[in-house]
Amino acid sequence: HRMGYLQSGQAKVMVVDTFHLFPETMEFLREIEGHYGFEAEVFCAEGVPVGDKAAFDKKYGADLWKEDIEQYDKVCKVEPFQRGLKTLKTDCMINGRTRWQGFERAWIDQFENAPIGGGLAKCNPIAYWTLEDTFDYIAKYQVPHHPLHAKGYPSIGDAKDTIPIPEDGSTRFVNFKFEGDPKPWLDYASERKGRFVGLANKDGSTKTECGIHVAGAERTFDRDLWEEGAVKNIATKEEALEIINGDKEAIIAVYAPWCQFCQGMEEEFAKYAQEAGVPVYKFRGDEEREFVSEFLNTASFPTVNKVKGNGEVVKYDSEVRTVAAFKEFETSS
């Protein structure tokens, strides 16, 4: 800000609107846009106009987060995040992660180089700060801060799963100073205790991240999956229907390149394709959601199907995504 990069556009502010944020969050964004003289670039779920919650509900369902929290994270957070990075031609992302926030982030450095071969560099300027350091800085320089700090929230995410800490809201940051006992906020790893409340990962573990900052989340924002090798690309719906309705067996992986689980199976699925006894295909499903839902059993990514050569399409229902598992699915289904 002081160097003029926000005003000149050399540095851009990217915001992901999940359509489940607190109303105060987008109001606060407008406030700091005016204060610092910039206009944020807002991204949201694919195919939905910015700010149109009704359109989101119609396309994805108002209860998507209740039905499949991982799919919600992909649709509302990870994909818009990666699309934003690509749209803005991002070389380096500056963010507010700190080691103090917990063991998941305890390793981060102030600067993380881009991976060899392409990817995103990350700058974490306050990586070594405690939360107390952050509020001391806010108070000293009268930095605008989120209005929900005054209502007991140390960290603010989606309204549906964020609560005050303590829950009675007795700790607050008002007019640049603490009211009540600040210790529940300032102890190590306490800042984000009120986030992801009541949510769990598929394996039953407590949810602590939304997918944006996990390892590899930025890995494929600028490339496709299975660009080389034995996995063949299905480019159109018409081509997909020819395979589905044909008389030959095949395996089709419905995927989205931004999906961390698709990224996670990329290597094993590529190896399987080299050894498979039938043609192996990929079809990008996030751009044809209605089609893959109707014809390829797809509610989330990745979804692997076997086309049986008689018009029947059988879904692979296991979370195990290894060469051996895919081979067994091919021969037994």
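# Reading a predicted model, feature by feature

Mentor: Start with Thr 303. It counts as buried, at 3% relative accessibility.

Trainee: Where do the cut-offs for buried, partly exposed and exposed lie?

Mentor: Buried means under 20% relative accessible area, exposed means over 50%, and partly exposed is in between. The probe is 1.4 Å, and protein chains only are considered. Two ground rules come next. This is a predicted model, in which local features need pLDDT of at least 70 and side-chain atom pairs count only at pLDDT 80 or more, while totals for chains, interfaces and linings use all residues. Residues are numbered from 1 along each chain as its sequence is written, and side-chain values use heavy atoms, with hydrogens and water left out.

Trainee: In which strand is Thr 303 found?

Mentor: In β11, residues 303-307. Strands are DSSP runs of E, at least two residues; helices are runs of H or I, at least four; both are numbered from the N terminus.

Trainee: Which residues is Thr 303 in contact with, leaving aside its neighbours within four places in sequence?

Mentor: Contact means heavy atoms within 4.5 Å. Thr 303 then touches Ile 252, Ala 253, Val 254, Leu 296, Asn 297, Thr 298 and Lys 315. Take Ala 253. It sits 50 residues from Thr 303 along the chain, yet their C-alpha atoms are separated by 5.8 Å. Thr 303 also makes a polar contact: its side chain reaches the backbone oxygen of Ser 300 at 2.7 Å. The rule for a polar contact is a pair of N or O atoms within 3.5 Å. Within protein, one must be able to donate a hydrogen and the other to accept it, and residues adjacent in sequence count only if both atoms are side-chain atoms.

Trainee: Is Lys 282 buried or exposed?

Mentor: Lys 282 counts as buried, at 4% relative accessibility. Its place is strand β10, residues 280-284. A polar atom of its side chain lies 3.2 Å from the backbone oxygen of Trp 226.

Mentor: Side chains of opposite charge can pair when their charged atoms come close. The cut-off is a side-chain nitrogen of Lys or Arg within 4 Å of a carboxyl oxygen of Asp or Glu. By this rule the count comes to 20 salt bridges.

Trainee: Which side chain meets Asp 158 in a salt bridge?

Mentor: That of Lys 77, at 3.8 Å from N to O. The pair links distant parts of the chain, 81 residues apart. Asp 158 is in the loop between α6 (131-141) and β6 (172-174), and Lys 77 is in helix α5 (residues 69-87). Asp 158 is buried, with a relative accessible area of 3%. Lys 77 is buried too, with 8%.

Trainee: How many residues apart do Lys 271 and Glu 267 lie?

Mentor: They are 4 residues apart, about one turn of the helix, and both lie in α9 (residues 260-275). Lys 271 is partly exposed, with a relative accessible area of 35%, whereas Glu 267 counts as exposed, at 54%. Elsewhere, salt bridges share partners: Asp 73, Lys 77, Asp 158, Lys 160 and Asp 161 are joined into one network.

Trainee: And aromatic rings?

Mentor: A pair of aromatic rings is described by the distance of the centres and the angle of the planes. Rings of Phe, Tyr and Trp (its six-membered ring) pair if their centres lie within 6.5 Å. Planes under 30 degrees apart count as stacked, over 60 as edge-to-face and the rest as tilted. By this rule there are 20 aromatic pairs. In one of them, the rings of Phe 135 and Phe 173 have centres 4.5 Å apart and planes at 50 degrees, so the pair is tilted. Phe 135 lies in helix α6 and Phe 173 in strand β6, so the pair ties together parts that are 38 residues apart in sequence. Phe 135 counts as buried, at 3% relative accessibility, and Phe 173 is buried at 2%.

Trainee: Which residues form one aromatic cluster?

Mentor: Trp 226, Tyr 255, Phe 269, Tyr 272, Tyr 316, Phe 326 and Phe 329.

Trainee: What about empty space?

Mentor: Rolling a probe the size of a water molecule over the atoms shows where empty space is left. The search uses a 1 Å grid over the protein atoms alone. A pocket is an open set of points where a 1.4 Å probe fits, with protein on both sides within 12 Å along at least five of seven lines. Lining residues have an atom within 4 Å of a point. The second largest pocket has a volume of about 330 Å³. A volume is the space filled by probe spheres set on the points, which are joined across faces, edges and corners.

Trainee: How many residues line the second largest pocket?

Mentor: It is lined by 13 residues, of which Lys 59, Tyr 60, Gln 71, Arg 289 and Ala 299 lie nearest its centre. Helices α3 (53-60), α4 (64-67) and α10 (289-295) each supply at least two residues of this lining. The most comes from α10, with 4 residues.
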